[in-house]
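Here's a quick briefing to read with the model open beside you.

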Amino acid sequence: MKPVKVGLLGLGTVGGGTLNVLVRNAAEIARRAGRDIVVAQAAAREFNAEGLDGIDSLDVSDDAFSVVDNPEIDIVVELIGGYSPARELVLKAIENGKHVVTANKALIALHGNEIFEAAQAKGVTVAFEAAVAGGIPIIKALREGLAANHIEWIAGIINGTGNFILTEMKDKGRDFADVLAEAQALGYAEADPTFDVEGIDAAHKLTILASLAFGIPLQFDRCYTEGISRIEPQDVEYAEQFGYRIKHLGVTRRVANGVELRVHPTLIPERRLIANVDGVMNAVLVKGDAVGPTLYYGAGAGSLPTASAVVADIIDVARTLTIDPENRVPHLAFQPGELADLPVLPMEDVETAYYLRMTATDKPGVVAAVAGILGDAGISIEAMSQKEPAPGETEVPLVMLTHRVSERQMNAAIGKIEALDSVAGTVTRIRVEHLG
Ligand code: HSE
């Protein structure tokens with residue numbers, strides 16, 4: 001059978017890894033795909049040829065559109081990242097009748113609805129396994145392996161850089177900026193690292209997971225997003241004293257009146273497997289009604305792990321080249337005409353338990369005043385701890401865990417607590433998920 005010809009856009013961390021895996025494992029890949037898969041052309045503005053297998057014999061230009069317009073190319077692999085020109089390149093590739101493989105979570109989360117509609121109309125596939133959790137085959141698991149299930153919720157550590165930072169803070173007390181610089185040097189961090197630490201990258205990925213799980217259109221703009229930059233070492237320590245770990249979690253859950261879609265730091269009981277996922281590793285916990293909870297773990301970033309997912313997609317596309325487009329696995333797991341219009345709930349309607357930390361004057365009646373506000377709001381306290389004042393200090397940290405309550409009720413209670421004369425500054429709130 002004729003070889004499948006791949007056009008590679010980007011020869012950076014993921015593009016380079018993809019070239020290397022395709023060249024290194026060519027014989028085995030051909031045995032799996034049923035035909036040879038060759039990189040026929042690549043485009044990159046700048047790249048380091050050192051360590052790139054087969055680069056000397058590869059036609060590399062700096063014009064990505066020349067790859068997309070090359071009639072010889074069957075599959076365009078977009079590994080440039082970012083919104084533009086990635087969107088234009090992918091849409092042009094589709095218009096030219098080419099299949100597309102991409103690792104671009106930002107592109108899929110923001111422009112996926114438009115891209116899948118165009119691909120559907122043209123009868124081509126856009127595959128995006130590498131867009132979520134790097135090398136973990138979570139898209140495949142949700143779309144195919146769990147297809148029998150009514151998915152109830154997903155909770156994931158889906159940003160390796162953020163998890164690396166939290167882990168180093170917990171284990172080594174390292175400085176935030178120092179750990180971030182290391183993640184950048186290792187090629188884990190986004191071009192704009194605020195995407196990692198402020199949760200935008202995780203929100204891109206969670207948006208995609210929610211669509212696959214619940215059969216809803218991609219709605220990145222509805223995702224509540226809160227980063228890890230305000231987590232203090234004392235919160236990590238207090239959480240541990242209560243038996244919890246702080247993780248930056250993406251949570252999406254089907255509830256009676258819609259879907260929750262939220263990324264924020266979260267206390268998780270330390271006995272949960274996912275609470276022990278450290279460093280740059282990712283993990284996604286999926287609860288299906290038939291299968292129960294399933295956990296997917298692996299490298300969420302990096303050259304070869306991400307290339308593993310990209311190449312798996314290329315093989316998948318190569319295998320389906322001769323299949324009637326109507327009978328391919330649908331892009332968003334559900335048939336295009338079957339997407340539901342379940343609303344994504346505003347954060348105020350979401351219900352979770354909470355960790356609260358405040359600085360209170362060390363005098364009688366303060367704890368009673370705080371507990372009274374929570375009690376009046378119908379918020380039940382699960383655990384409370386008042387720390388010793390430092391020598392000469394008159395203020396003490398007051399830390400508590402609450403039972404589940406709506407964000408709206410908690411916002412109102414926090415407003416009243418912050419208005420107390422005996423409470424200084426703002427109340428730190430971190431949501432708690434038991435993931436039972
Ligand atoms: N910046 C991302 C991360 C890369 O740290 O997880 C993989 O998407």
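Predicted model: local features only at pLDDT ≥ 70, side-chain atom pairs only at ≥ 80, totals over all residues.

- Helix α2 covers residues 26–33, and its buried residues are Ile29, Ala30 and Ala33.
- These residues span an arc of only 100° around the axis, so they end up on the same side of α2.
- Just after α2 comes glycine 34, with a positive phi of about 90°.

**The α7–α8 pair**
- To describe two packed helices, you give the angle between their axes and the distance between the axes.
- Here the partners are α7 (residues 160–172) and α8 (residues 176–185), whose axes come within 9 Å and cross at roughly 140°.
- Angles over 145 degrees would count as roughly antiparallel, and α7 and α8 are therefore oblique to each other.
- As for handedness, α7 and α8 make a right-handed crossing.
- On the α7 side, the contact uses Thr161, Phe164, Ile165, Glu168 and Met169; α8 brings Phe176, Val179, Leu180, Glu182 and Ala183.
- Sorted by class, the α7 contact with α8 holds seven nonpolar residues, one polar and two charged.

**Lysine 105**
- Look for lysine 105 in helix α5, which runs over residues 105–122.
- Is lysine 105 buried or exposed? Its relative accessible area is 14%, so lysine 105 is buried, the cut-off for that being under 20%.
- Leaving out residues up to four places away in sequence, lysine 105 touches Ala131, Glu190, Asp201, His204, Lys205 and Ile208.

**Histidine 264**
- Histidine 264 sits in strand β10, residues 258–269.
- With 0% relative accessibility, histidine 264 counts as buried too.
- Which residues does histidine 264 touch, not counting those up to four places away in sequence? They are Tyr224, Glu226, Lys247, His248, Leu249, Met347 and Arg431.
- One of those contacts, Lys247, is 17 residues from histidine 264 along the chain, with 8.4 Å separating the two C-alpha atoms.

Terms used: Residues numbered from 1 in each chain as written. Heavy atoms only, no water. Axes fitted to C-alpha atoms, helices over the stretch in contact; angles between N-to-C directions. Helix = DSSP H or I, 4+ residues; strand = E, 2+ residues; numbered from the N terminus. Parallel < 35°, antiparallel > 145°, perpendicular 65-115°, else oblique. Left-handed = near helix turned anticlockwise from the far one by under 90°. Contact = heavy atoms within 4.5 Å. Nonpolar A, V, L, I, M, F, W, Y, C, P; charged D, E, K, R; others polar. Buried < 20%, exposed > 50% of the residue type's maximum accessible area, 1.4 Å probe, protein only. Arc of directions from axis to C-beta.
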